[in-house]
Amino acid sequence: TDLVHAGDFRPGRLANGDINWAANPTRSMSWAGFHYWSWSNPLMRAYALTGDERYPAEFALHLKSYFEQLDTFQDVELWDGAPQDRDWNDWITHNDLSAGIKMAAFGEAVMVFRGAAVWSADDLRRATLILLRLARRLYDTYSDTRLAADLLRTLNFLTSGAAGLGTVAAIFPECAWSANWLGLAQRILEVHLAELYYPDGGHRELCTQYHKAGLRDMLFLEQILARQGTGFLLTREPYRRQVVEALRFLTRVRMPDGTTSVLNSAAASDDWLVFCAVANRQLHDPELAWHIEQCFAPDYVPRQKGRPALCVRILGDGDGLPDGESRKPQELSVYLPDSGVAVLRDGWDRWGSTMVIDYGRPVGGHAYPARGSFSLYLRGRPACLSPGSPHAYTDPDYLGWMHTSRSQNAVLIDDTDQEQWEQPGLRRVHGEI
């Protein structure tokens with residue numbers, strides 16, 4: 001198995017061949033992402049599909065080295081610009097995003113590998129201890145939080161954290177603390193769905209990649225609870241309607257070739273179909289069903305940044321098209337004032353023309369100085385595109401080119417990037433469109 005996370009990162013090795021979890025030989029920010037364990041999802045899915053014991057054996061090998069080094073790895077090799085005053089061992093292990101994605105990964109491993117001959121009692125013990133450690137830490141951090149604003153400070157980081165916490169509670173329902181952990185996870189996700197997604201469906205970060213990341217985490221937990229016969233977000237209002245609008249937002253910014261328009265630091269991708277297909281098995285929304293029918297094919301593989309979207313890790317029963325009525329949307333062009341997005345479209349066919357205009361005010365760290373930018377397809381082919389995001393935020397092209405107004409289809413005033421409009425000591429000067 002090729003353990004390559006993304007971009008220019010490659011894991012370092014100890015003398016015995018185990019991964020050195022502190023090593024970052026290429027000084028890439030993707031080292032942090034490697035600690036999230038999202039790269040391990042294909043091992044679990046491959047075993048579930050094939051029963052090939054090599055996949056749990058590979059997972060168990062790296063689980064053992066991670067467990068042994070969890071509290072001891074030091075002398076982390078950081079990337080240029082990384083904060084030097086941070087306890088990196090603690091942060092990379094326990095931050096809300098890292099903890100949440102790991103809890104989902106190890107929780108799935110506990111479920112999927114339980115019948116594997118090579119999955120030992122020691123492997124189960126290691127995975128369980130890590131799950132309980134991460135869940136307890138996150139629960140203790142937020143259990144006394146009363147204000148919704150305090151649950152929003154880390155944005156999509158805590159969306160992942162809450163979904164992971166709920167996953168641990170769901171797979172260990174017999175434990176005394178599971179009800180409290182699941183209750184906190186539900187409260188956080190309800191707040192995030194209500195506060196991070198606008199009424200018109202857009203996400204406040206105005207970045208399609210993280211728009212989908214929030215849905216990914218919510219739907220991951222939703223599928224586990226649905227199998228247990230427990231209703232969650234998709235069975236209760238107003239949350240059901242909010243999820244429908246969030247999914248419809250993705251279909252509204254869909255380009256003729258099936259990819260979603262790249263907004264800010266997003267990835268050019270067509271993985272929106274996975275989110276809609278999984279959710280619509282419960283939602284039965286006819287317009288979502290129509291989009292799924294139009295874009296699904298037996299050989300469809302979701303892609304991000306030109307590669308298979310392995311981070312699309314939602315669980316779901318069955319394959320192919322969900323059952324139910326489908327209805328072609330009556331709207332072509334649409335104005336989304338809450339998000340700050342307008343879509344101009346002359347039809348839904350493959351060779352139509354579509355323009356997506358971004359004039360919103362995104363929050364969070366994934367915004368480009370790109371207010372007033374647009375993406376344009378003419379007769380089904382790309383004419384003007386946003387650069388989106390690189391494979392790693394330490395890519396030299398990220399700040400040097402992608403994170404500038406010059407790289408966008410935007411108007412420059414006095415030949416100046418939008419984020420340079422702020423003078424020292426003064427508030428940022430915003431233009432209105």
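Ala383 lies in strand β9, which covers residues 381–384; helices (H or I, at least four residues) and strands (E, at least two) are DSSP runs, numbered from the N terminus. The structure is a predicted model, in which local features need pLDDT of at least 70, side-chain atom pairs count only at pLDDT 80 or more, and totals for chains, interfaces and linings use all residues. Residues are numbered from 1 along each chain as its sequence is written, and side-chain values use heavy atoms, with hydrogens and water left out.

Ala383 is partly exposed, with a relative accessible area of 42%; buried means under 20% relative accessible area, exposed over 50%, and partly exposed in between (1.4 Å probe, protein chains only). Not counting residues up to four places away in sequence, Ala383 touches Leu376, Tyr377 and Leu378, where contact means heavy atoms within 4.5 Å. Met355 is 28 residues from Ala383 along the chain, and the C-alpha atoms of the two are separated by 9.8 Å.

Two packed helices are described by the angle between their axes and the distance between the axes. Here, axes are lines fitted to C-alpha atoms, for helices over the stretch in contact, and angles run from 0 to 180 degrees between N-to-C directions. Helix α6 (residues 121–142) packs with helix α8 (residues 178–196) at an angle of about 60°, and their axes are 11 Å apart. That angle makes α6 oblique to α8; angles under 35 degrees count as roughly parallel, over 145 as roughly antiparallel, 65 to 115 as roughly perpendicular and the rest as oblique. The crossing of α6 past α8 is left-handed, a term used if the near helix is turned anticlockwise from the far one by less than a right angle, with right-handed used if clockwise. On the α6 side the contact is made by Leu132, Ala135, Arg136, Tyr139 and Tyr142, and on the α8 side by Asn180, Trp181 and Leu184. Sorted by class, the contact of α6 with α8 has six nonpolar, one polar and one charged residues. In this scheme Ala, Val, Leu, Ile, Met, Phe, Trp, Tyr, Cys and Pro count as nonpolar, Asp, Glu, Lys and Arg as charged, and the others, Gly among them, as polar.

Helix α3 (residues 54–69) also packs with α6: the two axes come within 10 Å and cross at roughly 55°. This makes α3 oblique to α6, and the crossing of α3 and α6 is left-handed. Ala60, Leu63, Lys64, Tyr66 and Phe67 of α3 meet Asp123, Arg125, Arg126, Ala127, Leu129 and Ile130 of α6. The contact of α3 with α6 has seven nonpolar, no polar and four charged residues.

A further partner of α3 is α5, with an angle of about 130° and axes 12 Å apart. That makes α3 oblique to α5, and their crossing is left-handed. Phe59, Leu63 and Tyr66 of α3 make the contact with Lys102, Phe106 and Ala109 of α5; by class, it has five nonpolar, no polar and one charged residues. Helix α5 (residues 96–112) also holds Ser98, which is buried, with a relative accessible area of 0%. Leaving aside neighbours within four places in sequence, Ser98 is in contact with His35, Tyr36, Ile92 and Thr93.

Returning to α8, its buried residues include Trp181, Leu184, Glu190 and His192. Among the elements that cover the buried residues of α8 are α6, α7 (156–171), α9 (208–227) and α10 (239–252). In helix α12 (residues 286–295), seven of the ten residues are buried, so α12 is largely enclosed by the rest of the structure. The buried residues of α12 are Pro286, Glu287, Leu288, Ala289, Trp290, His291 and Ile292, and their cover includes α10 and α11 (272–283).

Some backbone details in the loops also deserve a look. Most residues other than glycine have a negative phi, and most peptide bonds are trans. Trp37, in the loop between α1 (30–34) and α2 (41–50), has a positive phi near 70° and is buried, with a relative accessible area of 0%. His284, in the loop between α11 and α12, has a positive phi of about 55° although it is not a glycine. Finally, a cis peptide bond with omega of about 5° joins Glu237 and Pro238, and Pro238 is found in the loop between α9 and α10.
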